[in-house]
Structures are given as C-alpha cells and as structure tokens.
Amino acid sequence: MNYIEDTITALATPPGAGAIAVVRISGSDAFVITDKVFQGKTEIAKSASHTIHYGKICTPDGEQIDDVLVSVFRAPHSYTGEHSVEISTHGSQLIIKKIIEMLIQNGARIAEPGEFTKRAFLNNRIDLTQAEAVVEVINARTDASLKGARNQLDGLLSQKVNDLRTRLINSSSLIELELDFAEEDLEFIDRTSLIQKIEEIISEIQALLETYSFGRIIRDGVNVALVGQPNVGKSSLLNYIMKESRAIVSEIPGTTRDVIREEVSIRGILFRLFDTAGIRSTEDAIEKEGVFRSREAVKNADVVLFVNDVEQNFPAELYQELLELSNKEKIITVFNKSDLPHTEETDSVFVSAKTGKGMDILFSKLHTAAIGSNSYTEQTAIVSNARHYDSLKKSKESLQDALDSIRAMMSGEFISVGLRAAESSLSEIIGVVTSDDILNNIFSKFCIGK
Ligand code: GDP
C-alpha cells in the first residue's frame with residue numbers, strides 16, 4: 001500500500017523536562033530534512049539503517065541548539081514502514097520546540113495524534129488490532145492489562161481471526177465455483193461437510209466472544225462498591241486495602257464527595273473501589289443526592305462488598321435492598337472487626353481492618369469474583385475491545401444465516417451471501433476493510449507522537 005508522501009514529525013516522549021527527549025520524523029524526506037539541521041561525521045541520508053550518529057543540531061546561522069544522537073531506520077524496516085529518524089536530545093522544552101520548528105521550516109509537518117501508528121497500519125507493518133493494542137500497552141496500569149495488551153500486540157487475536165477468515169474464504173470460494181457452473185448442477189462442497197465446517201467456525205467465534213467479559217476486566221478493571229451501615233468500618237477497610245495493595249495514583253475525574261473512588265491493583269487486576277455514603281431512603285435533600293449516587297454505584301458495580309460489624313445485628317433490610325439493586329452472585333458479605341470477640345457461624349468472610357486478619361481471604365474472593373475461573377494464558381487470544389466483540393458477533397450471526405440457508409436447501413447464492421458477510425465482519429477486526437470513520441475513531445484516541 002502506498003501511503004501519503006509527506007514527512008511528519010512530533011515529540012515522542014512525554015512533554016515536560018526530562019533527561020532525554022525523543023523527536024520522531026517519518027516519511028520519504030526524513031533523512032534529507034534531518035541533514036538540513038544536523039551536523040555529524042556522516043550524512044544521515046548516506047547512513048545505513050539501524051545506526052546511531054552523534055552530532056549537533058545547529059541553526060542555519062551556525063548557532064548550536066543541542067548535541068544529539070540520531071537513530072536511522074530505513075524503509076521498510078521502521079515502525080511506520082517509511083524512512084524514519086529518532087533524534088534523542090536533552091529533555092528541555094525549549095530545545096525540543098526549537099528542533100521541531102527547524103524541522104518544520106525544512107519541510108516536515110506536525111504529526112496528527114496517532115499518525116505514526118496509523119502509517120504503520122496503512123503501510124502493512126501491523127494490522128488494526130495491533131495498532132489498537134499500542135494504545136493499550138501505553139495505557140496499561142496493571143500486570144494483567146499489560147499482558148492482555150501485549151497479547152494483542154503480539155498478534156494472537158489477529159492470527160486467530162485470520163485463520164477463521166481463511167477457512168471461510170475456502171468454503172465460500174467452493175460455493176461460488178458452484179454458481180459459475182450452475183447449469184451443470186455440480187456440488188463442489190457437500191452440504192453436510194459445509195454445515196460441519198461452519199458450525200466449527202461458529203463455535204470458535206463463540207469461544208472468542210466468551211473471553212470478552214474476562215478481557216474487559218483485565219483491560220478496564222473491576223468496579224467494587226463498599227456498602228454497609230455507618231461505623232462498621234468501611235473507611236478503615238478501604239484504607240487498609242489501599243495500604244496493602246498497590247495503590248494506583250492517578251487523576252480521577254468525577255470523584256464526588258459522597259462516593260469516594262480509589263484505584264488499586266490486587267494480584268495484578270485493577271479494582272476501582274467506591275465507598276458509598278449510604279443507600280437507605282432519606283428526606284434530607286443533600287443526603288438524597290448521596291443516596292442516589294450510592295445506589296447508582298451499587299447498580300454499576302461488578303462486585304458489591306457488603307461490610308458488616310461483628311458487634312452489630314445483621315441489617316437484613318439493607319441486604320434485601322442490595323439484592324434488589326444488584327444480584328446475589330455479585331455480593332461478598334464481610335464481617336469486620338473480627339479482632340473483637342465474636343462467633344463465626346456463616347460462610348461469610350471475617351476480617352479486621354485493624355489487624356489485617358482475614359484480608360488474604362477477602363483478596364482471593366475479590367479476585368475470584370472478578371475473573372471467575374478464568375486464568376490468563378499467553379497462548380490464547382482474548383477479546384477485550386468492544387469493536388472486536390461487535391464484529392465477531394456480526395460474523396457469527398451471518399454464519400447462522402448461512403446455516404439456515406443450507407438447511408432450507410436454498411441455492412448457493414444465499415449461502416454465499418452469508419459466508420461473505422461473515423468474512424467481511426472478521427476482516428473489519430484486523431482492518432482488511434475499514435472505513436475512514438473507523439480509522440479516525442481509533443487513531444484519534446492516540447496522543448501526538450505515537
Ligand atoms: P465507616 O463509618 O463504616 O466508614 O467506619 P469507620 O471506618 O469510620 O470505622 C468506625 C469505627 O470502627 C472507628 O472507630 C474505627 O476505628 C473502628 N474500626 C474500624 N475497623 C475496625 C476493626 O477491624 N476492629 C476494631 N476493633 N475497630 C475497627
């Protein structure tokens with residue numbers, strides 16, 4: 001595929017002062033433009049691929065901006081598949097600004113968000129799922145999400161989808177061949193074996209679809225609502241969890257005073273903890289708002305941590321309300337303050353936010369509630385992206401239509417339409433066919449320089 005000819009540049013490292021900053025340049029004129037601002041022993045345009053050159057960046061009137069290292073990647077052996085250069089400079093905003101300005105004066109233009117990766121895709125260096133995985137890898141904050149993103153970047157999902165596509169194309173070609181010989185009434189593929197082939201593909205697509213709830217959890221994390229009567233120790237429990245697990249410090253928009261949200265990594269999975277103010281009805285206007293938000297948090301939670309106090313009576317009414325807002329499987333009932341005298345007669349979890357007793361069991365329960373019996377294996381393709389999920393679902397539906405056509409003894413045309421539609425939905429996933437809308441939507445999520 002031949003992509004646009006212009007040469008783009010952008011800062012590839014985060015803005016701000018740092019030891020080193022990297023400015024990327026990609027496009028047919030990458031070397032020529034670099035040579036206009038760079039003074040080293042050898043010209044970049046004459047340098048071999050995958051070599052690094054020390055030299056200076058100077059203005060046209062000889063003013064030295066910085067001493068730098070220039071890495072050279074010749075097409076097609078670069079990230080984008082085009083001639084590419086990476087200039088490593090001292091990480092000063094002023095130096096970076098000057099270098100980028102000089103590159104622009106010499107014919108480069110500022111890259112759009114995600115444009116380097118978009119070019120890598122358009123030049124067939126990576127497919128669409130891998131391009132999407134680049135953002136996932138960059139944004140991953142837990143071990144599980146990083147592994148999941150790496151899995152996609154390494155092409156596991158692409159390979160699986162490609163394999164299914166190839167098998168579909170093989171079958172639909174035979175059906176289409178029959179259509180070419182319609183007068184002779186030939187059957188190139190017997191219907192029983194065609195049904196079997198399609199059913200196999202459907203069940204493999206189904207297996208992929210079933211990885212989605214797991215994939216979504218490892219990618220996006222688990223929402224946990226902490227609910228309980230006042231003074232049972234919700235805040236203490238939250239503080240304990242924050243201290244004992246790996247707290248993820250991040251800017252969280254939308255945190256409200258009445259529903260506190262914290263993010264932690266427990267055994268590699270991201271948990272988002274909401275400490276709810278209370279879900280019982282109240283007449284007080286301000287409290288009402290809190291109750292509304294808390295109820296929403298419970299409704300949206302993947303797991304509800306129902307916190308009780310061993311010294312207080314079990315609040316049966318509150319539990320009933322939780323059952324109405326959520327469902328039984330999602331609720332983990334915890335009795336806190338188990339350092340105080342108590343009896344353990346239920347199969348609930350007994351913990352102490354004060355001493356840490358029982359917390360291991362609680363963490364295991366949270367982990368199991370989040371991912372069930374799923375375990376991550378490096379070899380399985382996992383679907384974690386809603387776009388991929390929707391396309392797989394469409395593909396499965398088209399295959400079901402094809403099966404219906406075969407069973408209804410309909411002519412090859414109808415079967416072929418279903419098979420082709422199924423194949424095209426699979427193609428959308430890896431980007432064999434994509435609309436500009438899909439591409440823009442995907443690459444606009446990148447930041448500049450990626
Ligand atoms: P919340 O209203 O549910 O958030 O409860 P807090 O976390 O504010 O705790 C209420 C009271 O219970 C405080 O005085 C805590 O020190 C105490 N508390 C919390 N957890 C424990 C625990 O595990 N053991 C004991 N003995 N006291 C606790």
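1. Let's start with helix H8, which runs over residues 212–220 of this predicted model. Its buried residues are Tyr 212, Phe 214, Gly 215, Ile 217 and Ile 218. What do they pack against? The partners are helix H5 (143–153), helix H7 (191–210), strand E8 (222–227), strand E11 (269–275), helix H12 (359–371) and helix H13. Just past the end of H8 you will find Gly 221, whose phi is positive at about 90°.

2. Now to the ligand. How many residues surround it? There are 15, and the closest are Asn 231, Lys 234, Ser 235, Ser 236 and Asp 339. By class, the shell has four nonpolar, seven polar and four charged residues. Helix H9 (residues 234–244) gives the most to this shell, with three residues.

3. A backbone N or O atom of Asn 231 is 2.8 Å from a ligand oxygen, and a backbone N or O atom of Gly 233 is 3.0 Å from an oxygen of the ligand. With Ser 352 the side chain takes part: one of its N or O atoms lies 3.2 Å from a ligand oxygen. Taken alone, the ligand exposes 580 Å², and the protein buries 69% of that.

4. Please look at Ser 338 too, in the loop between strands E13 and E14. Is Ser 338 buried or exposed? It counts as buried because its relative accessibility is 4%, against a cut-off of under 20%. A polar atom of the Ser 338 side chain lies 2.9 Å from the backbone oxygen of Val 351. Beyond its neighbours within four places in sequence, Ser 338 is in contact with Val 310, Phe 350, Val 351, Ser 352 and Lys 357.

5. A few backbone details deserve a check. As a rule, most residues other than glycine have a negative phi, and most peptide bonds are trans. Lys 337 has a positive phi, near 65°. It lies in the loop between strand E13 (331–336) and strand E14 (349–350), and is partly exposed, with a relative accessible area of 23%. Asn 124 also has a positive phi, near 65°. Its place is the loop between H3 and H4, where it is exposed, with a relative accessible area of 55%.

6. Finally, which residues does a cis peptide bond join? Ala 75 and Pro 76 are the pair, with omega at about 5°. Pro 76 belongs to the loop between strand E5 (64–73) and strand E6 (84–91).

Note on methods. Residues are numbered from 1 along each chain as its sequence is written. This is a predicted model: local features need pLDDT of at least 70, side-chain atom pairs count only at pLDDT 80 or more; totals for chains, interfaces and linings use all residues. Side-chain values use heavy atoms; hydrogens and water are left out. A residue is near a molecule or strand if one of its heavy atoms lies within 4 Å of it. A polar contact is a pair of N or O atoms within 3.5 Å; within protein, one must be able to donate a hydrogen and the other to accept it, and residues adjacent in sequence count only if both atoms are side-chain atoms. Accessible areas come from the Shrake-Rupley method with a 1.4 Å probe; for residues, only the protein chains shown count as cover. Helices (H or I, at least four residues) and strands (E, at least two) are DSSP runs, numbered from the N terminus. Ala, Val, Leu, Ile, Met, Phe, Trp, Tyr, Cys and Pro count as nonpolar, Asp, Glu, Lys and Arg as charged, and the others, Gly among them, as polar. Buried means under 20% relative accessible area, exposed over 50%, partly exposed in between (1.4 Å probe, protein chains only). Contact means heavy atoms within 4.5 Å.
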